[in-house]
Each structure stands twice: as C-alpha cells, then as structure tokens.
Amino acid sequence: MNVSTDEIAAEITDEIAAEIYLSHPLRPHGNIRSILSLTTLHTLNVLIHDSALVACTYNKTTGLTPILSTPVFGRILSACILRSASRSILSKPTLSRRTIHGSTSADSCRKNPNLSLITKNRIRNSLNDLILCTSDSGFLSGIALCHSFTGYSFECIFQHKIAPPGTSYTQLGHIVVSDPLASCIAVAAFHNRITVFPINSFSEDKGVPLFYSQQDIVLPKPNSNILHMAFLNMPPEFPHIINLVVVVLVNREVEILLYEWNQLNGVISNFTQFVPYATGKEAVPLHLVSLPNLPTYFLIITESELLLLSSIDMKHFSRTPRRQHIPGPFHSKEIRQDLEAIVSSVQVLESNTSDYEHLYITSDQGHIMYLRIARAQLTIHVVHVGEKRRPISLMKSLPSSDNEHSLILFGSFCNGEIIHINAKSLCILGNEPISNDWNAGPTLDFCLADTLGNNTDTLYMTAGAAPLGYIQEIRHGVGVLIDDTTKQFDGAIKLWGLRTSCEDTVDSLLVASFVASTRIMYMQDDEFEDISDISGFTIDVATLNTAACFVSGYFIQVHLHGIIIARPLLDKTINNNTCTANWSPPNDHKVGFSAFYQDCVLLTLTGENSLMLLKVIIQENSNVQIESISSISLDIEPSSQYYSTPINVPHSICIIKSKEISSRSNALISKPHLLIGIRDGALLDFTLDFENDQINFMPPVILQLGDCPLDLVYSHHTDPLDRYVLGVTNQTWQLSVSPIGGIRISQLLHKPILHAARFLYDADVDTGFLFLTSDTLSFVKVDPESGYHIRNINMGDTPRRILVDPVTKLLVVAGSSQGDADEILTTVKVMNPDTGQVYATERLAANETIHSLIVWHVKPTKRYICMGTRIHATSGRVLVFGLKPATKNKHIKFTLMGQYTLNGPVLALCTFVNSYLLASAGSTLYQLKIEAVHRTITAGASIDINSIITRIHALKTQIFIANTQDSISVYKFDIATKAFAFIKSDVTSRVGSECFPLDDSLVIGTDRHGNIYGLDTNQGEDSDTHESTDSQSMQTGFEFHILDIVLQLKPGSMKHRLQQITSATAAEHTSFTDDRMISELDTLDKGWWSNNGTALSKPMQKLYHVSTAENVSISNEVIEQRVHGGQVIYGATLSGGLIAMLRLRSDVYIALEILQNVLAEFEQTRPLLGNDFKTFRSGSGELKKCIDGQFVSQFLLLSDEIAQEVMHQWTCKRQKHPYVLNQSGVMAMSMNTTKMSHILKWLEYMCI
C-alpha cells in the first residue's frame, strides 16, 4: 500500500515533547539524602539526591562549588562509601573458587570494542573510593568518580542484582553499609531481611569487588522494622572479625541486634547472632554511629539521650551492657526553651590521635553541639557551640586541622553555611553562606511576569519556611556587576576608553563627547582628573572618533572639521607640545565616518561624497605629519549620526569570530561574521567566506534589536575576534558566535543605557565597560555569557502564594507563621520586587490560611486581587482587595473591597466570562459576582462534583477542574439556564493537582504522584468506523513522570526570541538540507498556541540596500516572522526544581524519539544505576510521546567514536520507524553527529 508523506505527516501533527533540563541552580533532583566524602580525589564531597549524584569541591575563595551533576533516572534508596585505603589488608583470594560479582558495566570494557579510549582509561584509573548505591532498579551499584583530561565523570564499576525493580518494604535496598576495612557489604530491607556480601578481593584493572557467596539473615522476631545498621570498627589485632549492629523496631519497642562472624578469603565462618538488647519504648533511635577510635563501641542517639554501647558487653550475657546516660544535647539547661529540637545530623571528625573521639551534632532548630569521648575513661564531654543558628538538615565535616574544624551545614528549607570553629576554645571563627540553590524548597507557588518590559519573563518562586522564608527572583540574561558610579558626565553622548601605552594593562584616559564639546579625564590611583586643557584635543567641538596611535603617548581625535594628533601632558614636569599635528578637509567639507588601522585613517567627507585614506607619520624626533594617500568618489553621500538621514543606513560595524571549534561543530562557526548596526535598531549579520583571497557574502540575517540606532561596541582591545560585542539600542544586547552557528543574542540584565564604551579599569578581569544612562556613568563588568541569575527577597514568613500585579508590577505575597499561642498567622504583603520594600500589609484572622491568589479581571480596565482562604475544614472565605498604584501625593492603597464565606476551604479561584468569579469550596464549584456600587459579592450557580477541587481554569465558556478523583473534569456554564453542566473527564482516575487548558483540544494536568500528562479534549472518533466514541472521556495524549510533585503550570518565556526577517534572496536557505545546518534562529518547536503574526512596525517596513556584495539585496518581503512569547510551559516542583516543556515539530520529535530509544539501550548512556529509562519516566502511567531532554543531552557528552556508533544505530532504527516515509524538515537531512548535536543544543538553549 502506498502512503503519501502528507498522510503520514497528518497523523503525527500533535507530538508533544517535554524537555526537562537541569535548571541550575534550582536543585531539580529532589532533596539531599546524604553527603559522602571521597578521600582519593582531593577530598571531594558527593551529594546524594533523590535522583542524582552531585560532586562538589570547596575552597575559601569560591565556596562550595559543584563540578559534576549526573542524573540517575531512578530513585536512590541508600548510599555509602567503600573505602579504597582499607583494601590492602585483604588476604589473596583462592582462585579455584567461583566468584560472583556484578558485571553489567564491569565486563563491558573488555567485551565492547566500541568503548572509547577515554572511558577505558577512566575505568582503569578508578581504583579509588566507590559509592555504593541501592535504588529502585533492584541493583546494588558501585559508582566511581573518575577523572581524566576531559574532566570528572561518574562511572558504574559493577552492578549486582539484589531485588526486583521497584520499591517494597520486603525487598533489599532500604539500607546499604560497608565494613571499615572494605571487606564486607550489608544490604537490608525495611522489613525482616538482611543480606551480607563478603568481599574476597578486588579486580586489578577496575576495582570490582568479587564475592564468593552471600549470607542471608532473617531477623529473629517477625514484623521487625530495620531503622539503622552499621559495621563496627574492630581492634587491629582482630582484622578478620566482623561485627554488624542493627537497630530494629518491634511492636513499638526498640531492640539492638549484634551479629558477629569470622571472614577470611571472602568466606564467612562462626556466624553468631547474640541476644537482642532492648532500649525500651520511650526512646526513638535517630542515629547509629560507629566510633573509629573506640573499637567495638558505637553511639545510639535518641530524642533525649546518648547511649554509648560496646559489642563486647552485648556478647557477655552475665555483664550488663555499658549504658551511659547524659542529658540530651538539645535538652540541657542552657537551651531548655528548645525542648522540641531533635538531632538532625551527626559527624565524626577524623583525628590524628586515638585517645579521643571528636563529634559534632546538630539539631533541626539550629543548635550545634561538640562531643568528646575519652578512650581511657569513656567519659563524654558535651559543649554547646555558639549561638542558635538557622535550622540544619545535614552536616558534613571538611578536612580539619588541630586548630580549626570546618563544617558544611545545609539548611532545612533555608540557606546553609560553612562555619569554622576554633578547635581549642570552640568559638566560631567565621562563616560563609551556602546558596539556597542546594535546598530551595518547599515551592508552593510561582509566577512569571515581564516586569522589565523587555519581552522576557522574570520568574518568582516561593521558598523556605518561617522565620526564614523568602522569594526567589530568577532572570535569564547576561549579568552586569556595577563597581562604581559617577554623575560627572551628565549630557555626554559618546565615550571612549584609551590606554596611554601599548604595554598598559588597563585604560587610563576617558574621552567624553558632548553636543558641542569634549572632555578628557585621566585616571590615576582610582581617581579621575580633568586634563582637557592640557590634552592637546580640540575641546570646543564634539568628538566623532578617537583612538590611541601606534606610538605610545599619541592619540587621534576626529571631529567635524578635521583630525588632531595629540600628545597629552600627563607628566606636568615635562614641557612638551600637546597638539602635534592637525589636518582639515579640503573645500571646508565635513568629516563623516572614520576608522583606524595601525598608522592609517579612513574617513568619509560630506559635500563631495568621497572616501579618503590618510597616513600618520610619527618620527623619532617627535615630528608628526598627516599625509593624504588616496581619495575615492562615491555614488551616494555617506552620513553619520549627526545628520538627518534615512533610518535604514548603517550606523556601526564590527567583525567577530569564535576560535572554540570542536570536532562536532559546524564548519560555519569558524567563519567570521560581519555585523552592521542600522539606524532603525536592526542588525545585519553577514557570514563571511574567504576563498582565493576574495570575500563571499552569504545572504544576511536581519534581526530587529530595538527602535533606536544600533551601536556595536567591542569588548576587548587587542583581540576582538575572540570576544563578544555589545549592541546598544533602546535595549542592550550581547552578541557572540553561537556554538551551533549564527549569532547568539542575549539581553543584559541592566536598565536601558544611552551609550557603552569599553574601559578596562581592573587588570584582574578581561573586560570592562562604561555604561552611560541619562544621569549616571557606571563602571561595570559584564559576564562572558548569559545564564540564570537568582536573587533572594527576604520574606520572613513561609510564603504560600504569590502573584505580580499586572498594573503596578508589584508582588503580592501571602505568607504564614506560627504565633505565640501556636496559632497560624497569615499576612498578605504588597512588595517592591526590586528593593523588597513592603508598601502594604493585611493580616487575616488567626488560623486562617490562604490557598488561592489570583487577579480577578472584572473589566478590561479594572481588576481586583482575589484570595481564597481556609478557616477550618468546613469554612473558607473569598476576599477581594483593590490595589491602587502610588501617585505624587498618595501611597499604595491595598483595601478590602468585599468578602464572601463558603461552606468549605476555598482552594481554587478563577476569572470567568462576563466578570464572574469561579470559586471552589471543598467539592462544590460556585459562581460569584461583585456588585459594582456596594461591592457586595453574591453567589449564583453551584454544582457538587463529589471530589475535592484543587485547581480551576476557564477557556471561553468551558471550565476545567482538577480534582482528587477524576484527575481533570470539564464543565460548561449554560447562560440560558444559568447552571453548570458536565461535559467530560479523564478516562484515568488520578489525584489531580493542576489542569492547564491550552486550546479547545488539549489540557495539561499534573497529579500528586509526579506525573504530567496531556489530555485530548476533542470528541473521540473510531479510526476504523469514523463513528463518534464516548465523548465524555478524555484520552491521554502524552505522559511522563518526574519523581517530584508539580503543583502548578504557567506559560512564559524566560529567554528572548527575536523576530527574524528573511529576505527573498535568502528564502532558499530557510529549509533544512544536507548543506545547511541548524542555528539558534531556526524554529524546531511549533508552539503551544498558534501564532497570529503581528504586523511589522513602520520602521521595519522599508527597503534595505546593501552594495557590499553582488546580487545581495534585502527587500521588504517578509518570508517568516514569528514571535515566541509564552511558548514555554514551566512547572515548579515541590522540592524547588523547575521543568520546562516545549511542543516540538513532528519531524524533530521523530528524530529525537529514535535517538532516545537508542540511548536507552546503549551501554554508555543507559541509566547509571541500572534503571530502565522508560519504566522510570512512566511512573504510575505510561511514557507516551515525550522526549526527556536531560536524557538525550547525554549525546553531547559522548566521544566522537561513541557518538558515531550511536548515530549508526539511529540510522538503522530510522529505517524501521513507522514514519520513515516522512522526509520533511530535519528528517530530510542526512543525519550525522554534528546535525544531531545542533538539534540538541538548540533545545538545550531554548527550553529553559
């Protein structure tokens, strides 16, 4: 049967892809479960997240810095370290015995000939500490942090099957521990079971632990829940005796179990289980700690006491185990007010002596205690360290000395810190804050708004808990650091920074041009001195251009009436001539444009339409001459910014180029770009191709960067081809060569400026600039590239709901805190997002909390701030506030306009047609309206949907409801009958959290199990009979799982996508072919909504004529214009992460779907801990029509050899794909590693 390409394309027009990328530094991998230290690679720390491993290093200059983050695409259950320093005492194995070991990744190096040399070298050099992990894959995995010349990487050294995939309280994996001598590994289930793996030896090439057998342990009492487990440190004279301590909970009683055995050559003998020791019902064990300097001893820390026990005492039944009671560390007389504090973390310090054991203990309330246990007397000395600090969730010690202890303290829903403690006096010497990027949750709400007015959104997230709650402001762009400001240059129109000598590393002269004058400032000892009168410059005219001459100390000034060669009198003790030479144009013509190259000056003259080349001659006797070399007549009159000229003429010009070319980069990236700034704010980008000493101009790309003349400013004095340039119009941009070709254009996170000039004032940095605004001159440093920038706005209370008022651009934040009588206090604040200043505050009744906060659009010109509250289980209120902006004589007014009480908590609100408001009260949906005159809220129609409503959205007259039973239900409001009517609901029952309708055919939902899905809201039709099916059911269009809960989804765009105008000449280059590569200006997504295509502004509706190359003209024919505002859907996770979703074109989806399937089966790219990728992303549903951007981006990290093998398998699967006949778009190209890399880099850059 012949099937046309159009028919196939018609079947796959609704592919939807969720690109989930690392949103650094928003902690997208869940909570930090533990911290492990690796001693073999410069003492690195590895943070064990719920679904990722993050390696970080520390120094006092840069703080705690992540160097590697690797998602595992699974849930990590437990992790510990298998030390390499302890392996040397093991006896040699008996080679005749059969060994058992995990071989999933270990044997692949020897068997797989396609394994890259780098990977082999990493594994061969990985005989260091191993991270032992258990996960829901059912494997015990050994992970090594390897280092090579390409950087760090986590490599799976071995995997051993211990349980079926998934999680169950009876399956092994709940806890994994290793023996201090690296001779044994124990894995426990939560219920009743433990398995011990004695290690016989380690393979010489890869360090794989080899097991002869395993010892299964069934706890003596049924229904025993294992809380903690640890191997004890044994005396050096008994290296082959193993002690394992297990803390269990049996029928609400805590018991301590001790197991002992001999182990030699990996064989267990004399296995003994001793009589359990019961601690009683009153104490809940929180931590079990083995003491390295006290062999056979261990600590059990409960809610109220420390228990010091020895395995020797437990083995002798006639002796009472040594149990030493002390006051609990957080219940002593000094801090009796914190009776509810519990131990959150325990850390044993490494010590050079064995006489004492040193420990630190922290509480969840912010206390720090120091413990010293004397080995001889077994006495415990407890000291409270410093004042109460912010809540602490985890602690890890850094390498310490005899005089100083350093601790990493991760905050509990707040910023952490690194503290340094005097080891003698136990006084805190200092602290360094840790960004809350490590622990940003809980995120209960977020919003996006274009607060800067630059067509990009700023994201605001709630984070933290009282009393340290805060709002995170996240913006994407190029960071700008302002070092200093001055008001001296008010009215300046152009600036230049100059060096007095070629050997200087910084600029020292500042030339400022005004409308009718020029000022010259000399910087010395960080102070400016006005040397205009002794500069030799003509100061009573505006300067058009200036530069340093090729001879140190001489400068060129170009103004309307000529050229000056000046030698400023910087050393006032030397009497020299400051003005050494000048030149005037013939026939009283005026100077237009000018440019400098070595000893030549190229300038244009107005009046006779000529281009002149001058040469500057500076002799050793300081004789200076300016000679005319040649003159060329032009057909048109050149113009400059000081003349009234058409807006479509060039205003500035520069050339940039990138030297960072990888083997998988497009060859066009190495070609220079000619950038031309136009007076109307447009940018012309020509890619230059040099062949046979001739310049070939490729068709230009035209981008509208603003409405004012576009000024291009180099960022570096000596090597501009390896830097970026700034584009200054009514917005400021950073222009650089993109890694995938073309020009990358990023916005600067700075208010609009009038002019910028490079001015390197700090020898320790590469670039520096002067930014001139209407009244201020700023000395700034600019980041080399764009990124995400996070700023915290302190809130104090726990922020629960947030929005940005569209009129005032102010934040409205609802937060809660705990009062003195344990009641909940809720406060609504109106805040300035830039300064954090609170303009207005409203307090609610005690124990009343806010669950919904929206803008109620009553009329196109009128809106209210509306809140839904919970008073108790059967009551809630709808509160309506008016927010008026400040005027000249009045402050911000935030006034309660009306309220209405409903019979249940108001969890959801939504604006509806005809100025109505939809509100939920438990399982009932209400229609409300506010009366304009008396501002009385009245209720109209209502309906009980028999399930708790969690979210409401309206699209025209349709109402989408997320609820806890039917996932998403759709209702409509009949205007005639004034009643709600049910339309359809999700065919699958889920606990819904969000329902976000995109159009009449698609609604996106989330549930409380971490699933995100899209439902088809169109009426169903049988594909065979073409008859309508059950129209009351919505089928799943796409679905995926993220291991975290997403409470809300919001549309927006945190990255600016510019309008691209493509000429008719360049139309043939817009389609994807084998000869054309993908660039950042292409469009690989099709958007969640259709683009209406707004009309071009009048400055854009004109003709461009460029005579720099033959047959290159730019007409007013617009081939493609697309504005992508709001084409990304963001979701904030409860733990503080961020996901983003793009809707892909069908051809791009097919290409990435094939790649995803290949990588899921490929040895070097499948999940690190042995999980099945599709199973992990399916969750409780089914992975459907989704591309995991974080997973497929692994392709960019592969060596060229491995990437080529992946593409070979991709080509094989492509031939078998159901849609192989679809040869449109990227599928029409002959795909290779370079083209696939460009697709992934485009998505990686655009999605989040």
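Which residues have the most contacts inside the largest nonpolar core? The legends below start with that core.

**View 1. The largest nonpolar core.** Leu1152, Leu1155 and Phe1195 have the most contacts inside this core, which has 68 residues. A nonpolar core is a set of buried Ala, Val, Leu, Ile, Met, Phe, Trp, Tyr and Cys residues joined through side-chain atoms within 4.5 Å. Buried means under 20% relative accessible area, with a 1.4 Å probe and protein chains only. Helix 5, residues 1146–1161, gives the most to the core, with nine residues. Helices are DSSP runs of H or I with at least four residues, numbered from the N terminus. The core lies between domain 2 (443–478 + 790–1015 + 1033–1052) and domain 5 (1144–1246), because both give residues to it. The domain bounds come from an automatic or database domain assignment.

The model is predicted: local features need pLDDT of at least 70, side-chain atom pairs count only at pLDDT 80 or more, and totals for chains, interfaces and linings use all residues. Residues are numbered from 1 along each chain as its sequence is written, and side-chain values use heavy atoms, with hydrogens and water left out.

**View 2. Helix 5 against helix 8.** Helix 8 covers residues 1200–1216, and its axis is 9 Å from that of helix 5. Axes are lines fitted to C-alpha atoms over the stretch in contact, with angles from 0 to 180 degrees between N-to-C directions. Contact means heavy atoms within 4.5 Å. Among the residues making the contact are Ile1154 and Val1158 of helix 5 and Trp1210 of helix 8.

Definitions and conventions: Buried means under 20% relative accessible area, exposed over 50%, partly exposed in between (1.4 Å probe, protein chains only). Helices (H or I, at least four residues) and strands (E, at least two) are DSSP runs, numbered from the N terminus.
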